[in-house]
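Here is a short briefing on one helix and its neighbour. Look at the structure, then read the points below.

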Amino acid sequence: KETEEVFKVKKSSYSKKIVKQLKKEYKEDLEKSKVRTEVNSPTDVERPLEKTGHIKDIGQEDGTANSEHGEEEMEVESEKEEEKPKAGGAFSNALSSLNVLRPGEIPDAAFIHAARKKRQMARELGDFTPVDSEPGKSRLVREDENDASDDEDDDEKRRIVFAVKEKSQRQKIAEEIGIEGSDDEALVAGEQDEELSRWEQEQIRKGINIPQACIFQPAEVNNLYYQNTYQTLSYGSSYGIPYTYTAYGSSENKSQKTDNTVPFKTPSNEMTPVTIDLVKKQLKDRLDSMKELHKANRQQYEKHQQSREDSTKAIERLEGSSGGIGEQYKFLQEMRGYVQDLLECFSEKVPLINELESAMHQLYKQRASRLVQRRQDDIKDESSEFSSHSNKALMAPNLESFGRDRVIYQEQVKRRTAEREARRARRRQAREQTGKMADHLEGLSSDDEETSTDITNFNMERDRILKESSKVFEDVLESFYSIDCIKSQFEAWRSKYFASYKDAYIGLCLPKLFNPLIRLQLLIWTPLKCRDFETMLWFESLLFYGCEEQEQVKDDADISLLPTIVERVVLPKLTVISENIWDPFSTTQTSRMVAIVQKLVDGYPSVVNAENKNTQMLLKALLLRMRRTLDDDVFMPLYPKNILENKNSGPYLFFQRQFWSSVKLLGNFLQWYGILSNKTLQELSIDGLLNRYILMAFQNSEYGEDSIKKAQSVIACFPKQWFTNLKGDKTISQLENFCRYLVHLADTIYRNSIGCSDVEKRNAREHIKQIIKLLASIRALDHAVTVANDHNVKELKILIEGK
């Protein structure tokens with residue numbers, strides 16, 4: 001009868017044969033499901049509910065029975081209970097109590113069993129909709145396992161009956177209708193039935209543990225939903241379990257479930273009454289909130305619109321004003337790459353240029369040192385040869401007693417003497433050919449001739465350095481070592497984008513950038529023998545840099561490009577030349593050196609001044625070289641007057657040569673007037689040279705016409721500017737010794753003329769007048785008046801004015 005009720009609805013869909021088969025299989029499946037329920041039951045709480053649904057309540061079960069006997073008894077009772085009609089016994093009692101169960105009352109096992117059967121039938125008829133329809137979940141199983149009590153675990157272990165799980169009823173029906181066993185949907189449906197069975201058991205178990213069941217009264221369909229209704233719901237109403245039961249055999253089974261359902265009443269205070277004013281108030285509040293939101297959105301929209309308009313205007317303005325910015329950026333990027341490559345090139349080439357420059361300076365220094373050392377050796381040789389107070393042992397104190405080294409020394413002296421006399425003979429012959437023999441005095445020549453061997457070696461080394469210098473940039477493009485190419489790059493930058501050119505301080509960087517290239521061109525340049533640096537290519541190329549036709553910008557660094565290069569390149573090179581190469585005894589070298597420095601002073605006043613560091617170094621190098629010459633190269637021999645009477649003797653010629661060389665050095669020193677300070681020049685020329693060496697030679701010379709000529713030569717070296725601004729009758733203090741010598745010379749000439757012929761007396765008187773003129777020329781008027789009064793010279797005023 002139960003089977004017919006189950007399949008009553010579906011008879012039209014199946015054939016009679018299939019319906020009979022399904023009935024048979026449903027009975028078998030119903031019996032086997034009890035066994036599977038015992039195996040798959042998660043806890044021991046549900047087992048007595050399923051097996052023993054009569055006589056005893058849940059709290060009155062006897063727990064002292066034997067486990068094995070109890071299990072068999074429960075299985076028998078369960079089978080018997082299934083065979084009983086649903087309307088009789090404990091089952092009918094549970095059915096009758098299903099509609100009278102009060103809120104909060106704990107249902108018994110029969111009530112729970114009836115509810116389970118009702119749901120199982122509803123599920124098989126298709127009227128049951130599970131809460132969780134997702135297949136494959138094991139959450140309910142795990143929750144059931146976790147909710148089981150510890151005492152019931154032991155009974156569970158003893159009651160588990162292992163059996164092979166057979167196919168479910170739906171799987172068998174699916175096979176009968178033609179659905180393949182491998183179909184995923186059929187398999188999922190089978191797994192879903194088992195999962196729903198476990199879920200039902202869990203819900204029933206939770207319903208038992210609820211202390212008070214308060215069922216929510218379902219509202220009508222057309223009732224409005226309000227959020228505050230949730231505030232009145234109790235805990236038990238959230239489950240929403242309708243405790244209804246309908247007998248399978250009744251004829252009213254086809255009616256709706258809600259007809260036979262007796263819901264629990266909800267207290268009246270659990271819901272807020274809905275009124276028109278409440279609805280209107282909530283609608284008004286919602287309208288106000290929407291208006292505020294609309295207003296805020298409107299303001300945000302207007303703000304975005306204004307921002308969009310401003311951005312559009314800015315884009316148009318920038319697009320209109322960005323003309324040339326892209327080109328400028330591209331040009332500056334190219335210049336940046338070019339400058340980086342140029343600096344990398346110079347970082348590799350500058351050390352090579354420094355080595356070549358040092359090698360060239362060393363070559364010039366060796367030649368100058370060799371000439372100075374030869375002059376010093378010649379002076380020593382002649383002084384030793386003509387000294388009457390020396391012998392050969394004193395000449396060579398370090399020689400051995402056996403004389404072996406003495407022989408070598410004498411051979412070297414003879415060789416140097418022969419070379420010296422040969423040079424003098426060649427110079428004498430050259431003067432005779434030019435007609436300057438009569439005006440020449442021994443000692444005025446510099447004696448800087450070199451041998452052919454020295455000249456050849458010097459030229460070979462210089463050519464080697466020049467050859468190496470030509471290979472420095474042989475692996476570099478012309479745009480990275482040519483001054484014209486580099487200049488054109490920066491001129492283009494200056495003419496196109498002067499603002500960025502100025503901001504980058506290119507005018508301050510160019511002197512350092514051109515420094516290596518200019519030094520390479522000045523490698524063999526020296527002011528002692530070469531042309532002026534202003535005639536070189538680098539100077540002509542950079543002369544008009546930054547001098548466009550447009551108006552010059554104030555404080556433009558490009559205007560001082562050449563002065564800065566002169567300061568950083570030319571002045572350091574002149575310093576090295578002055579200290580190591582320049583020979584103060586050479587009148588030609590001194591004149592050229594003075595000319596180049598004077599040109600710098602006149603043409604570059606902003607550079608060559610006392611405050612410039614490089615200028616100070618140059619002046620210090622000049623003074624150092626002059627003092628070294630004064631201490632090492634000046635020598636004045638002293639001989640008795642009887643030896644000097646023979647004007648063709650060697651000592652006399654040597655004495656005259658040394659005197660005139662000292663006078664020449666005095667004139668070379670005084671060429672630096674206007675460059676060096678007067679105090680420094682007077683200290684070097686008068687105190688260091690005139691009073692120390694030349695006056696000694698005057699006192700050792702013959703008093704007469706020769707001494708007057710020598711005094712005139714000395715006075716001719718003095719700058720006239722020293723005496724033009726003097727006040728009074730006295731000359732500068734450093735010349736007092738020289739003035740006293742002139743007074744003594746006049747007295748000696750006068751005494752020597754006493755008792756001589758009238759011609760000699762007139763000559764002596766003319767010599768005295770010349771001495772008065774010499775004293776007046778150096779502004780020593782007090783000494784001139786003294787000489788004139790002592791010797792009755794009445795033309796004093798004429799002599800002073802005709803100076």
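**A helix inside a predicted model**

Of the 20 residues of α20, 14 are buried, so this helix is largely enclosed by the rest of the structure. Buried means under 20% relative accessible area, with a 1.4 Å probe and protein chains only. The model is predicted: local features need pLDDT of at least 70, side-chain atom pairs count only at pLDDT 80 or more, and totals for chains, interfaces and linings use all residues. Residues are numbered from 1 along each chain as its sequence is written, and side-chain values use heavy atoms, leaving out hydrogens and water.

**The chain**
- The chain holds 31 helices and 0 strands. Helices are DSSP runs (H or I, at least four residues), as are strands (E, at least two), numbered from the N terminus.
- Buried residues make up 40% of the 803 in the chain.

**Helix α20**
- From first C-alpha to last, α20 reaches 29 Å, close to the 28 Å expected at 1.5 Å a residue. The expected span is 1.5 Å times one less than the number of residues.
- At Glu567, α20 bends by about 35°. The bend is the angle between axes fitted to the seven residues ending there and the seven starting there.

**α20 against α22**
- α20 (residues 561-580) packs with α22 (residues 613-632) at an angle of about 10°, with axes 8 Å apart.
- The two helices are therefore roughly parallel to each other, a term for angles under 35 degrees.
- Glu567 is among the α20 residues that meet α22, and Leu618 is among those on the α22 side. Contact means heavy atoms within 4.5 Å.

How values were computed. Axes are lines fitted to C-alpha atoms, for helices over the stretch in contact, and angles run from 0 to 180 degrees between N-to-C directions. Angles under 35 degrees count as roughly parallel, over 145 as roughly antiparallel, 65 to 115 as roughly perpendicular and the rest as oblique. Buried means under 20% relative accessible area, exposed over 50%, partly exposed in between (1.4 Å probe, protein chains only).
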